[in-house]
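Good morning, colleagues. Please turn to the sequence and the structure on the screen; I shall discuss helix packing, and then a few individual residues.

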Amino acid sequence: MSLERRLILIRHGQTEYNARGQMQGQLDTELSAVGVQQAKAAARALGEWQVGAVISSDLMRARDTAQVLAQAWGVDATEDARLRETDLGRWQGASHAEIDRAYPGQRAYWRHDPRWAPPEGETRLEVAARAMELVSQLMESDVFDRGRVVLVAHGGTITALTSALLGIREEDFPMFSGVGNVCWAQLVARPKFHAAEADHSAPAVDGTTVPQVPQDPENWWQDCRWHLEGWNVGTSAAAPMSAPSPDEGGEDAPS
């Protein structure tokens, strides 16, 4: 039994809203011509990955990206609404400038406080909680035995879920920068170190003692630790790695 499980969180390809710097939220927008080419380029570059499952947000831009990627890996893509982007309420469809005029100071505050929601929208903590439900279900299944699991989602969802998986304090959620189109976060789950269970009697090579951790804990995935292996990783053929994500309230340059 493998003592690690690898999770890839990929953002969808570019949409016209991304190109114009508008915040989509849960609007069901489609990939632009550029976004389609980004997805195809990523599929060509990543086709050698061993992937056990591809699950996407049910919003069209993520679903279509996932289908292109899944075809390259020879698996079926399924959908789950819990991977949707943040519900931005009254802000959906507006540009940063329009939001800042109508709601002075609120976008900047929201960007730095995951407990605060846009008017009639949801908080980043709520986004993280619904996405975490899906990951918990996947961890109880055998899907990771077939390879890494790829979730195709959105900038805000990916940053919120990554923060939650890593156990980052709520006030530190804003530490992650935006995720570019068809760029991804890569995380791996391993057994958690439990110091209370360690055997301190085993000698080390230098004569001191070191704790011995169980090598094959039963059901370790139910209380694992996630590690970040890569953030905003991308292929130059698909999209620039530094493209910001307007959906999550990053800088004003369009992605």
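**Helix packing and selected residues**

Let me begin with a pair of helices. In this predicted model, helix α2 (residues 33–46) and helix α3 (residues 60–73) have axes that come within 9 Å and cross at roughly 25°. An angle under 35 degrees counts as roughly parallel, and α2 and α3 are therefore roughly parallel to each other. Their crossing is right-handed. On the α2 side, the contact is made by Ala39, Lys40, Ala42, Ala43 and Leu46; on the α3 side, by Thr65, Val68, Leu69, Ala72 and Trp73. By type, the residues of this contact between α2 and α3 divide into eight nonpolar, one polar and one charged.

Let me stay with α2 for a moment. The buried residues of α2 are Gly35, Gln38, Ala39, Ala41, Ala42, Ala43 and Leu46. Against which elements do these buried residues pack? They pack against α3 and β5. As a reminder, an α-helix has 3.6 residues a turn, so residues three or four places apart point the same way.

The second pair involves α6. Helix α6 and helix α7 (residues 155–165) pack at an angle of about 70°, with their axes 8 Å apart. That makes α6 roughly perpendicular to α7, because angles of 65 to 115 degrees fall in that class. From α6, the contact is made by Arg124, Val127, Ala128, Ala131, Met132 and Val135. The partners in α7 are Thr157, Thr159, Ala160, Leu161, Ala164 and Leu165. The residues of the contact of α6 with α7 comprise nine nonpolar, two polar and one charged.

For α6 (residues 124–139), the same check of length can be made. Its 16 residues, at 1.5 Å each, should span 22 Å, and its end C-alpha atoms are 22 Å apart, in agreement. The buried residues in α6 include Arg124, Val127, Ala128, Arg130 and Ala131. Leu134, Val135, Leu138 and Met139 are also buried in α6.

I now turn to the chain as a whole. It has seven helices and six strands. Along the sequence, these follow the pattern β-α-α-β-α-β-α-α-α-β-α-β-β. Buried residues make up 51% of the 255 residues in the chain. Of the contacts with a separation of 6 or more, 77% are accounted for by residues 24 or more positions apart.

Is Arg5 buried or exposed? Its relative accessible area is 8%, so Arg5 is buried.

Gly230 is found in strand β6. With a relative accessible area of 11%, Gly230 is buried. Not counting residues up to four places away in sequence, Gly230 touches Trp184, Ala185 and Gln186. Its C-alpha atom is separated by 7.8 Å from that of Trp184, 46 residues apart along the chain.

The loop between β5 (184–191) and β6 (224–233) contains Asn219. Asp223 also lies in the loop between β5 and β6. Asn219, at 32% relative accessibility, counts as partly exposed, and Asp223, at 36%, counts as partly exposed. The C-alpha atoms of Asp223 and Lys192, 31 residues apart along the chain, are 6.6 Å from each other.

Finally, a word on backbone angles. Phi of Asn219 is near 55°, a positive value in a residue other than glycine. Glu120 has a positive phi of about 65°, although Glu120 is not a glycine. Where does Glu120 lie? Glu120 lies in the loop between α5 (106–112) and α6. At 60% relative accessibility, Glu120 counts as exposed.

Thank you for your attention.

Terms used:
Residues numbered from 1 in each chain as written. Predicted model: local features only at pLDDT ≥ 70, side-chain atom pairs only at ≥ 80, totals over all residues. Heavy atoms only, no water. Axes fitted to C-alpha atoms, helices over the stretch in contact; angles between N-to-C directions. Helix = DSSP H or I, 4+ residues; strand = E, 2+ residues; numbered from the N terminus. Parallel < 35°, antiparallel > 145°, perpendicular 65-115°, else oblique. Left-handed = near helix turned anticlockwise from the far one by under 90°. Contact = heavy atoms within 4.5 Å. Nonpolar A, V, L, I, M, F, W, Y, C, P; charged D, E, K, R; others polar. Expected span 1.5 Å × (residues − 1). Buried < 20%, exposed > 50% of the residue type's maximum accessible area, 1.4 Å probe, protein only.
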